[in-house]
Amino acid sequence: MEAQTQLEISDAEWEVMRVTWTLGSVTSSQMAEIMAEKMGWKTATVKTLLGRLIKKGALRAEKNGRAFTYYPTVDEQPSMDEAVETLFGHLCQMRVGQTLTDLVGKLTLSQADIGQLQTVLAEKAKTAPAEVDCDCVPGVTKC
């Protein structure tokens, strides 16, 4: 896959990418069938989204007879990491910890995921400040 670039896509485009990443490649008819079942979308909607994702460089298409097969051109994990980092960059840094705590409490995580989180948090705790300052207004450290 190509070098990762910032992937700015809509929620609907994320749904199409999730299917493409999971399957590795998908025809437009397969995608239309999956999205009709999963999201209730019409074929025209799916084709529009596939076209947008090609223009954004997230997918590439190969023509096979009358059908097109779509392949992701960006990797899933870096794309997800980037989206989360962008979102958290919009939040007050003083509130990120509580937001993460709330999020983890709502998610379904495997034992392995929890173990990885515990390891990362234990390492992070060694150098963490006592408190994180607000970064919403320059010069103001508390919300």
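In the predicted model, Tyr-70 has a relative accessibility of 9% and therefore counts as buried, the limit for that class being under 20%. Phe-68, at 32% relative accessibility, is partly exposed. These two residues form an aromatic pair, with ring centres 6.5 Å apart and planes at 35 degrees, an arrangement that is classed as tilted. A search of the whole structure returned two aromatic pairs. The other one joins Trp-14 and Trp-21, and it too is tilted, at 5.8 Å from centre to centre and 50 degrees between the planes. Trp-14 is buried, at 18% relative accessibility, and Trp-21 is buried as well, with a relative accessible area of 11%.

Once neighbours within four places in sequence are set aside, the contacts of Ile-54 are Leu-59, Ala-61 and Tyr-70. Between Ile-54 and Tyr-70 there are 16 residues of separation in sequence, and their C-alpha atoms are 8.9 Å apart in space.

The largest nonpolar core comprises 19 residues. Within this core, the members that touch the most others are Val-16, Met-17, Met-31, Met-35, Leu-50 and Leu-53. Three helices, namely α1 (11–23), α2 (28–39) and α3 (43–55), each contribute at least two residues to the core. The greatest contribution comes from α1, which supplies five residues. The contacts of Val-16 illustrate how these parts come together. With residues up to four places away in sequence left out, Val-16 touches Met-31, Met-35, Trp-41, Leu-49, Leu-50 and Leu-53.

The packing of α1 against α3 was examined next. Two packed helices are described by the angle between their axes and by the distance between those axes. For α1 and α3 the angle is about 85 degrees and the axes are 10 Å apart. The two helices are therefore roughly perpendicular to each other, a class that covers angles of 65 to 115 degrees. On the α1 side, the residues that meet α3 are Ala-12, Glu-13, Val-16 and Met-17, and their counterparts in α3 are Leu-49, Leu-50, Arg-52 and Leu-53. Sorted by class, this contact contains six nonpolar residues, two charged residues and no polar ones.

Glu-13, a residue of helix α1, is buried, with a relative accessibility of 1%. Apart from neighbours within four places in sequence, Glu-13 is in contact with Leu-49, Arg-52, Leu-53 and Lys-56. A further glutamate of helix α1, Glu-15, is likewise buried, at 16% relative accessibility. The contacts of Glu-15, not counting residues up to four places away in sequence, are Met-35, Lys-38, Met-39 and Trp-41.

Val-46 is located in helix α3 and has a relative accessibility of 1%, so it counts as buried. When neighbours within four places in sequence are excluded, Val-46 is in contact with Met-31, Ala-32, Met-35 and Trp-41. Val-46 and Thr-22 are 24 residues apart in sequence, and 17 Å separates their C-alpha atoms in space.

Leaving aside neighbours within four places in sequence, Phe-88 is in contact with Gln-93, Val-96, Thr-99 and Leu-100. In the case of Leu-100, the separation from Phe-88 is 12 residues in sequence and 9.7 Å in space, from C-alpha to C-alpha.

Note on methods:
Residues are numbered from 1 along each chain as its sequence is written. This is a predicted model: local features need pLDDT of at least 70, side-chain atom pairs count only at pLDDT 80 or more; totals for chains, interfaces and linings use all residues. Side-chain values use heavy atoms; hydrogens and water are left out. A nonpolar core is a set of buried Ala, Val, Leu, Ile, Met, Phe, Trp, Tyr and Cys residues joined through side-chain atoms within 4.5 Å. Buried means under 20% relative accessible area, exposed over 50%, partly exposed in between (1.4 Å probe, protein chains only). Helices (H or I, at least four residues) and strands (E, at least two) are DSSP runs, numbered from the N terminus. Contact means heavy atoms within 4.5 Å. Axes are lines fitted to C-alpha atoms, for helices over the stretch in contact, and angles run from 0 to 180 degrees between N-to-C directions. Angles under 35 degrees count as roughly parallel, over 145 as roughly antiparallel, 65 to 115 as roughly perpendicular and the rest as oblique. Ala, Val, Leu, Ile, Met, Phe, Trp, Tyr, Cys and Pro count as nonpolar, Asp, Glu, Lys and Arg as charged, and the others, Gly among them, as polar. Rings of Phe, Tyr and Trp (its six-membered ring) pair if their centres lie within 6.5 Å; planes under 30 degrees apart count as stacked, over 60 as edge-to-face and the rest as tilted.
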